[in-house]
Amino acid sequence: MMKSRLAPLSLLVLALSAGPVRAADLITLDVDLRESVRQLFHGHEVIPVKPGPLTLYYPKWIPGEHSPSGPLENLAGLKLTAGGKPLAWRRDLKEMYAIHLEVPQGVSSLDVTFDFLSPSNGGNFGQSVSATPDIADLEWNQVLLYPAGAAAKDIQFQPSVKLPAGWQYATALDTASKDAGGARFKPVSLENLVDSPLIAGLHFKRVDIAPGDKVPVHLNLVADTDEDLAITPKQTEAMVNLVKQANILFGSHHYDHYDFLFTLSENTGHFGLEHHQSSDDRSWSDLYTTPETTLVGAHLLPHEYVHSWNGKFRRPAGLATPDFTSQPMQDDLLWVYEGLTEYFGNVLSARSGSITPAQYRETLAFDAATMDKRPGRSWRPLQDTNDEAQILYYAPREWQNWRRVQDFYVEGELIWLDVDTKLRELSAGRKSMDDFAHAFYGMDDGSYVVHPYTFDDVVNTLKGVQEYDWAAFLRERLDTTQPAAPLDGIARGGYALAYTDTPSEYFKAYEKVRKVQNLMFSIGLQLDASEHDKGMVQDVLWDGPAFKAGIGPGMKLVAVNGRAFDADKDVLKDAITAAKSSKTPLRLLLRQQDTYLSFDVDYHGGLKYPVLTPVAGKAPLLDAIIAAH
Ligand SMILES: [Zn+2]
């Protein structure tokens with residue numbers, strides 16, 4: 001049975017307004033996207049002010065990015081005027097996201113104009129490419145300044161946007177008025193404005209994925225061509241199921257309405273950024289039209305949707321900061337924020353039918369094996385990948401297995417599977433993480449006022465579901481260096497992580513879509529298989545066979561046993577298979593900068609790909625966990 005999803009009115013009022021909104025307090029923000037084809041977004045603000053010293057902030061700590069990643073370097077052309085006269089400003093020397101100025105006597109409002117130089121290449125998250133000739137993705141934090149000294153929930157904005165002719169848009173903001181040139185939105189707090197990005201484009205589709213429901217949920221698509229918008233009825237049905245299954249899992253929702261803002265393009269960055277009432281999701285152009293891409297991209301929308309509950313509504317205390325600049329965020333609980341979202345997101349992918357149970361197990365096998373082959377776990381406990389996350393998000397790709405990066409996602413997923421199966425074991429099948437989900441997120445249905453939590457809150461909620469020393473259970477997995485990944489959840493689920501010489505459907509799709517050859521589980525290296533960098537060594541397994549031979553990331557594979565390497569022709573894979581029945585090492589020729597180097601890789605174990613195999617005599621609990629409710 002689904003709980004009522006109507007929000008209590010009193011909570012809604014509390015969420016939407018921190019106090020009476022008077023027109024005089026409103027900051028107006030007009031963003032012009034009509035030059036997005038050359039990556040220029042123009043901004044104009046009118047900020048009510050009083051005479052005297054004033055500090056303006058540019059958003060620095062970006063929610064969901066968990067980092068001081070506000071793209072300050074892309075803010076240009078900044079001009080401040082009052083009554084048509086320019087005002088001087090000076091940057092703070094310790095906090096470069098702040099500027100100081102003196103507001104003259106008699107001045108009550110400030111005009112601020114600027115250009116946001118939206119990136120044309122590279123970058124992570126919102127700092128990646130956000131505009132194509134037919135698409136513009138707008139994160140409001142990139143195009144505004146705000147006065148220091150008040151909480152983001154107490155600063156009111158009235159935003160508007162101008163769009164190229166013929167474009168449509170989607171956002172969780174409520175539209176106040178709309179015309180051919182763009183739209184003006186209803187007043188909103190700075191907190192909710194930054195939480196409500198906008199996508200716009202010439203090729204646009206809006207799909208109702210909560211048909212007949214009182215609380216609307218829509219999938220909004222923009223792409224570079226109409227062909228890329230060809231979502232099938234079966235794919236739509238999986239999204240409808242996702243909304244149903246998530247609401248059953250959590251027993252609540254924390255939005256008035258929810259909008260997936262999905263950009264399908266090879267030309268923009270690819271990532272997902274969660275918000276309370278929407279998510280800014282960007283993926284491959286053929287996500288709905290090529291089966292392998294559909295499979296590899298299947299986890300994105302469930303993950304970002306789960307964040308509405310886990311990450312936005314319930315948020316680690318260290319991430320619940322009052323504004324976007326004055327205080328740093330602390331990432332120590334990302335193994336809950338991201339790890340549990342990864343767990344619930346993948347479970348919901350299976351429960352909603354966007355992936356099959358076999359595909360779920362194949363994905364889990366890949367994740368588990370990747371964490372298991374992380375020699376860096378000998379020096380860096382998982383907790384430290386959380387604590388340093390704001391740096392590790394920007395770490396280079398090479399030596400990932402030794403460095404350890406954002407392992408709190410995937411290893412977090414394994415830990416939560418461990419917890420879920422332990423709950424089921426201790427309670428003889430009566431309790432599970434579904435009960436935790438109800439207890440931890442199910443309160444205040446309809447409200448999106450943030451509820452911060454601590455480690456103790458997580459432990460106490462688990463104890464409320466099932467008495468156990470959860471603090472010790474979790475701290476052991478977080479704080480100590482463990483030689484192997486936490487695989488007990490898979491074992492209790494009735495499966496074992498094993499290796500076979502044949503890649504799974506998921507593994508093959510992953511290699512094709514990501515354009516890599518992943519041989520980390522055999523000779524211990526991963527190669528770039530893209531046209532541009534074919535044969536480039538992306539990573540080498542620390543202490544693995546290729547490592548022992550002397551190979552490092554950044555080298556380029558040229559030949560295998562004297563034959564030219566071609567990623568499309570399985571030259572290396574065939575040689576690895578042939579070496580099984582030989583005592584001769586593989587001879588690899590690689591180019592490092594301007595030098596050709598030869599390496600002998602003494603490996604005879606054949607190709608290896610991760611798989612989950614059923615354990616004889618054990619009930620397949622894993623299959624019960626991912627069955628639709
Ligand atoms: Zn996430």
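**Thr 293**

I began with the side chain of Thr 293, which makes a polar contact with the side chain of Asp 286 at 3.0 Å. I count a polar contact as a pair of N or O atoms within 3.5 Å; within protein, one must be able to donate a hydrogen and the other to accept it, and residues adjacent in sequence count only if both atoms are side-chain atoms. I was working on a predicted model, where local features need pLDDT of at least 70, side-chain atom pairs count only at pLDDT 80 or more, and totals for chains, interfaces and linings use all residues. Residues are numbered from 1 along each chain as its sequence is written, and side-chain values use heavy atoms, with hydrogens and water left out.

Next I placed Thr 293 in helix H4, residues 291-296 (helices, H or I, have at least four residues and strands, E, at least two; both are DSSP runs numbered from the N terminus). Thr 293 has a relative accessible area of 3%, so I noted it as buried (under 20% relative accessible area; exposed is over 50%, partly exposed in between, with a 1.4 Å probe and protein chains only). Leaving out residues up to four places away in sequence, I found Thr 293 touching Trp 284, Asp 286, Leu 287 and Val 513 (heavy atoms within 4.5 Å).

**Ser 504**

I found Ser 504 in the loop between strand E25 (495-500) and helix H17 (505-514). Its relative accessibility is 13%, so Ser 504 counts as buried. I also saw the side chain of Ser 504 reach the backbone nitrogen of Phe 507 at 3.0 Å.

**Zinc ion**

Last, I looked up the zinc ion: His 303 (NE2), His 307 (NE2) and Glu 338 (OE) coordinate it at 2.0 to 2.1 Å. Both His 303 and His 307 are buried.

Methods:
Donors are N, O and S atoms within 2.8 Å of the metal (3.2 Å for Na, K and Ca); water is not among the atoms, so sites may look incomplete.
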